[in-house]
Amino acid sequence: MQTEMRVNWFPGHMAKTRRILTERIRLVDAVIEVADARLPKSSRNPDLAKLARDKASALILNKADLADAQETDRWVSFYNKIYNKTTPCIAYDSAHGKVSPLLAVIDTIAKPIVERYKSRGMAKTVRVMVTGIPNVGKSTLINRLAGKMIAQAEDRPGVTRATRWIKISDYLELLDTPGMLMPKIEDTAAGKRLAYVGTIKDGILETEELAEYLLRDLMNLVPSAVLERYHLPSHYADSPSLLELAAIGRGFLLSGGRLNLERAAAVVLDEFRAGVLGRVTLEKAEL
Ligand code: G4P
């Protein structure tokens, strides 16, 4: 088994993505950054703070329904403390949540802009965009704000299309397309965590290797859920492979009795991503 995992991004693609995002940011007054509540640190790209430094901003820890509620509270407090209200942070579940807390936080950052213009006798429409790394729920969140399915696929190199604005309140307009940020992978461990939640597509990393790492990390976080779900035996700690034990436990066998590790790995990853093992936060707040 390899000990180092490699992730390759094409430098040209990265540059193009960044250029598109920079152009998009120029069109708006405010940027809503979406991150994954299970990975409140690694699912953010710190470059955004530089790219959007003159814009109003808010941070949404999305998929909060899949993260540990107490940890999420700690992360929300942590970010609200360090940003001291300049970038309000909330936890959100864009798959099931009501739109009102989301609108309220956007309103909080838009209001000062509207007031500033009002004091000069002008009516201002505040333009807002949603951004974040892949798979954090940007399109789902846009659709929720729009009240219908409108979010377009992210920009692909070479494909351009008209910019469309959706009116979401008397003075707020939302860009219908999310701005794509590349994940910033600070170290191998952060790369793994990003792969666990599906930010980095399977196939770039070896799936069986990834599932093995995930099982080991989950044994530190939610051991009883893992033991129960995959029927691990009591001697699991002595085994070089938890994935093999999980394949045995769940009966994932090929003809001739060989273990179907490919199937076991896919199931482990899918079940974690769907929250089957409970609500898990992979990074602790540094309070
Ligand atoms: P993106 O634009 O940032 O790339 O993400 P997108 O909205 O496409 O969402 C990625 C996946 O995450 C989707 O699932 C979506 O339904 C799910 N999702 C988004 N927000 C939340 C959330 O707050 N909670 C939960 N539990 N899931 C969320 P999918 O499997 O790709 O598609 P589907 O399940 O919608 O069919």
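This is a predicted model: local features need pLDDT of at least 70, side-chain atom pairs count only at pLDDT 80 or more; totals for chains, interfaces and linings use all residues.

A: Residues are numbered from 1 along each chain as its sequence is written, and side-chain values use heavy atoms, leaving out hydrogens and water.

Helix α3 comprises 15 residues, 69–83. Helices (H or I, at least four residues) and strands (E, at least two) are DSSP runs, numbered from the N terminus. From first C-alpha to last, α3 reaches 21 Å, close to the 21 Å expected at 1.5 Å a residue; the expected span is 1.5 Å times one less than the number of residues.

Within α3, the buried residues are Glu71, Thr72, Trp75, Val76, Phe78 and Tyr79. They lie on the same side of α3 because they cover an arc of only 160 degrees around the axis, the arc being that of the directions from the helix axis to the C-beta atoms. Buried means under 20% relative accessible area, exposed over 50%, and partly exposed in between (1.4 Å probe, protein chains only). The cover over these buried residues includes β2 (56–62) and β3 (89–91). On the face turned away from the buried side, α3 carries the exposed residues Gln70, Asp73 and Lys81.

The ends complete the description. At the N-terminal end, Asp68 caps α3, with a side-chain oxygen 3.1 Å from the backbone nitrogen of Gln70. After α3 comes Asn84, whose phi is positive, near 45 degrees.

Notes:
Contact means heavy atoms within 4.5 Å. A polar contact is a pair of N or O atoms within 3.5 Å; within protein, one must be able to donate a hydrogen and the other to accept it, and residues adjacent in sequence count only if both atoms are side-chain atoms.
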